[in-house]
Every structure is written in C-alpha cells, then in structure tokens.
Amino acid sequence: MKEFEISLADLHFHAHHGVFSQENKVGNDFSVTLTVRIPFSENVMDDDLSATISYAELYGIVEEEMNHPRKLLETVAASIQNRITGKWSEVLGGSITICKSTPPIPKITGTAKVTLFF
C-alpha cells in the first residue's frame, strides 16, 4: 500500500512545560518534530488538495498545545496526537518528538526528549 509521510521538523517554541516552578515561570526552549502518515490518493495526480492534510493546520495544533503549559512532555505529545487523529481519520500513524533544550538536571550537557509513536 502506498502512503505519504508528512513531516514538520525542528519547530522551535519557548514554552512553560515542566515539573519545577522555575520552568513554569521562566520557561524553556523546545523543538518539536511531527510526522504523520496518510494513504496515497490518486487525487494527488490532479494536484488536488483533498489528497493531503493541511501542513498549516498541523502546525497550528502543535503551536496551541506547546502554548498550553503541562508538567509532562508525554502529556503534550499525547494531546497533539489526539487532536490530529480526531481531526483527520485518514491518518495511519506517525510520531511526535518533543525536545527540551536545557532540562533542569544537574550536570546534564544534553537535551531531554520524548517521542510518541502512534
């Protein structure tokens, strides 16, 4: 079966997700990569927009959820996934990766990220 994979990669946000009060107050920098798989439609050969889903609407969902502070990145990812699959029943699956650039972990030199596969 043919399918398309649509990705929005390295989206950058300043958001207020985290368990600690400082994270909620000051915020942190995050990057998000979203991938969704949809079935191939012959309508794509006619350059028909019904053959795909709106990249702008996908971005809007990610942006809204990133602007809604939560303790867990897992909750943010699950909310994004629920909204996408609730809006577009044709979505076959995908993934969402949310990366916190400077997690409040003593001596850490890297990032913290969570990926949801659906």
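Analyst: Happy to. Let's start with Ser54, which sits in the loop between S2 and H2. Please keep in mind that this is a predicted model.

User: Why is Ser54 called partly exposed?

Analyst: Ser54 has a relative accessible area of 26%. Buried means under 20% and exposed means over 50%, so Ser54, at 26%, falls in between and is partly exposed.

User: What is the overall layout of the protein chain?

Analyst: Its elements run β-α-β-α-α-β-β from the N terminus on, which comes to three helices and four strands. The C-alpha atoms fill a box of roughly 55 × 25 × 20 Å along the principal axes. Of the 118 residues, 39% are buried. Among contacts with a separation of 6 or more, 61% join residues 24 or more positions apart.

User: Which residues have the most contacts inside the largest nonpolar core?

Analyst: They are Leu58, Met66, Ile84 and Ile98, in a core of 25 residues. The elements that give two or more residues to this core are S1, strand S2 (28–39), helix H2 (55–66), H3 and S3. Met66 touches Phe13, Ala15, His17, Phe30, Val32, Val76 and Ile98, again not counting residues up to four places away in sequence.

User: How do you know that Phe13 and Tyr59 are stacked?

Analyst: Two values settle that. Their ring centres are 5.9 Å apart, and a pair needs centres within 6.5 Å, so they pair. The angle between the planes is 20°; under 30 degrees counts as stacked, so that is the label. The count of aromatic pairs comes to two.

User: What does the pair tie together, and are its members buried or partly exposed?

Analyst: Phe13 lies in strand S1 and Tyr59 in helix H2, so the pair ties together parts that are 46 residues apart in sequence. Phe13 has 9% relative accessibility and counts as buried, whereas Tyr59 has 30% and counts as partly exposed.

User: What makes the phi values of Asp47 and Lys107 worth a look?

Analyst: Most residues other than glycine have a negative phi. Asp47 has a positive phi, near 60°, and Lys107 has a positive phi, near 70°. Asp47 is in the loop between S2 and H2, and Lys107 is in the loop between S3 and S4. Asp47 is exposed at 71% relative accessibility, and Lys107 is exposed at 83%.

User: How many residues line the largest pocket, and which lie nearest its centre?

Analyst: The lining has 14 residues, with Glu23, Lys71, Leu73, Lys100 and Ala112 nearest the centre. Helix H3 (73–87) and strand S4 (112–117) are the elements that give two or more residues to this lining. The space in the pocket is about 190 Å³.

User: How do the lining residues divide by type?

Analyst: Nine are nonpolar, one is polar and four are charged. Leu and Ala count as nonpolar, and Glu and Lys as charged.

Methods:
Residues numbered from 1 in each chain as written. Predicted model: local features only at pLDDT ≥ 70, side-chain atom pairs only at ≥ 80, totals over all residues. Heavy atoms only, no water. 1 Å grid on protein atoms, 1.4 Å probe; cavity = no way out; pocket = protein on both sides within 12 Å on 5 of 7 lines; lining within 4 Å. Points joined across faces, edges and corners; volume = space filled by probe spheres on them. Core = buried A, V, L, I, M, F, W, Y, C linked by side-chain atoms within 4.5 Å. Buried < 20%, exposed > 50% of the residue type's maximum accessible area, 1.4 Å probe, protein only. Contact = heavy atoms within 4.5 Å. Phe/Tyr/Trp six-rings, centres within 6.5 Å; stacked < 30°, edge-to-face > 60°.
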